[in-house]
Amino acid sequence: MKAKTLVDYSEVKKGSEFQVVEIFGTRCTLLIEGKNVDFGISEVEIIVNTQTEMFEVGRYIQGMFSDFTMRQSDIEKQIKKINFPLSKKQINKCVNIFLHGN
């Protein structure tokens with residue numbers, strides 16, 4: 001999975017894409033020129049292109065919920081509470097791919 005930077009960082013320009021190493025709490029670690037570089041969750045935007053990436057993001061996001069839920073109304077309530085570098089619409093799609101495969 002990749003992420004696009006939303007801020008300039010040293011020689012790295014805003015909009016550059018890098019491999020995601022880890023997302024944890026309010027931190028996203030990217031692999032830049034062989035080094036792990038930490039960014040705040042608001043400084044990057046996750047890019048999900050494949051079904052597999054959406055599944056993995058959905059699984060991660062579902063783990064962020066306070067309890068496991070499958071009802072759409074409960075999913076939407078939980079999504080409002082979390083902070084993740086992806087649009088709420090994309091988060092919803094990823095969680096549904098993880099839970100239901102669609």
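1. In this predicted model, the largest nonpolar core holds 28 residues. Those with the most contacts inside this core are Cys28, Leu30, Ile46, Ile61, Phe84 and Ile91. At least two core residues come from each of strand 2, strand 3, strand 4, strand 5 (44-47), helix 1, helix 2 (72-81) and helix 3. Helix 3 supplies the largest share, five residues. As general background, nonpolar side chains in soluble globular proteins tend to be buried together.

2. Phe84 deserves a separate entry. Which residues does Phe84 contact, leaving aside its neighbours within four places in sequence? They are Ile23, Ile41, Ile46, Val57, Tyr60, Ile61, Met64 and Ile91. Of these contacts, Ile46, Ile61 and Ile91 are also listed among the core residues with the most contacts.

3. On the sheet: five strands make up an open sheet, in the order 4-3-2-1-5, with antiparallel pairing. Strand 4 and strand 5 are the edge strands; each has a single partner, so one side of each has no neighbour in the sheet. On average, and with direction ignored, neighbouring strands are turned by 45 degrees against each other. Strand 1 and strand 2 pair in the antiparallel sense over three bridges. In this part of the sheet, Ala3 lies opposite Phe18 of strand 2.

4. Helix 1 covers residues 51-64, which is 14 residues. From first C-alpha to last, helix 1 reaches 20 Å, close to the 20 Å expected at 1.5 Å a residue. Its buried residues are Met54, Val57, Gly58, Ile61 and Gln62. Viewed down the axis of helix 1, these buried residues fall within an arc of 135 degrees, so they line one face of the helix. The face turned away from that buried side carries the exposed residues Thr52 and Gly63. The partner that the buried residues of helix 1 pack against is helix 3 (88-100).

5. Beyond its neighbours within four places in sequence, Gln62 is in contact with Asp67, Phe68, Thr69, Val95, Phe98 and Leu99. Two of these contacts, Val95 and Leu99, are listed among the buried residues of helix 3.

6. Helix 3 has 13 residues and spans 18 Å between its first and last C-alpha, close to the 18 Å expected at 1.5 Å a residue. Buried in helix 3 are Ile91, Asn92, Cys94, Val95, Asn96, Ile97 and Leu99. Both helix 1 and helix 2 are packed against by the buried residues of helix 3. After helix 3 comes Gly101, with a positive phi near 75 degrees.

7. Helix 2 has Ile75, Gln78 and Ile79 buried. Down the axis of helix 2, these residues fall within an arc of 105 degrees, so they line one face of the helix. On the other side of helix 2, the exposed residues are Lys77, Lys80 and Lys81. Helix 3 is included in what covers the buried residues of helix 2.

8. Ser10 has a positive phi of about 50 degrees, although Ser10 is not a glycine. Its place is in the loop between strand 1 (2-5) and strand 2 (17-24). With a relative accessibility of 57%, Ser10 counts as exposed. Glu33 also has a positive phi, near 50 degrees, in a residue other than glycine. Glu33 is in the loop between strand 3 (27-32) and strand 4 (35-40). Glu33 is exposed as well, at 74% relative accessibility.

9. Last, Val7 in the loop between strand 1 and strand 2. Val7 is partly exposed, with 28% relative accessibility. Not counting residues up to four places away in sequence, Val7 touches Val12, Lys13, Lys14, Phe39 and Glu43. Along the chain, Val7 and Phe39 are 32 residues apart, while their C-alpha atoms are separated by 9.5 Å.

Conventions:
Residues numbered from 1 in each chain as written. Predicted model: local features only at pLDDT ≥ 70, side-chain atom pairs only at ≥ 80, totals over all residues. Heavy atoms only, no water. Helix = DSSP H or I, 4+ residues; strand = E, 2+ residues; numbered from the N terminus. Expected span 1.5 Å × (residues − 1). Buried < 20%, exposed > 50% of the residue type's maximum accessible area, 1.4 Å probe, protein only. Arc of directions from axis to C-beta. Contact = heavy atoms within 4.5 Å. Core = buried A, V, L, I, M, F, W, Y, C linked by side-chain atoms within 4.5 Å. Pairing = 2+ DSSP bridges. Axes fitted to C-alpha atoms, helices over the stretch in contact; angles between N-to-C directions.
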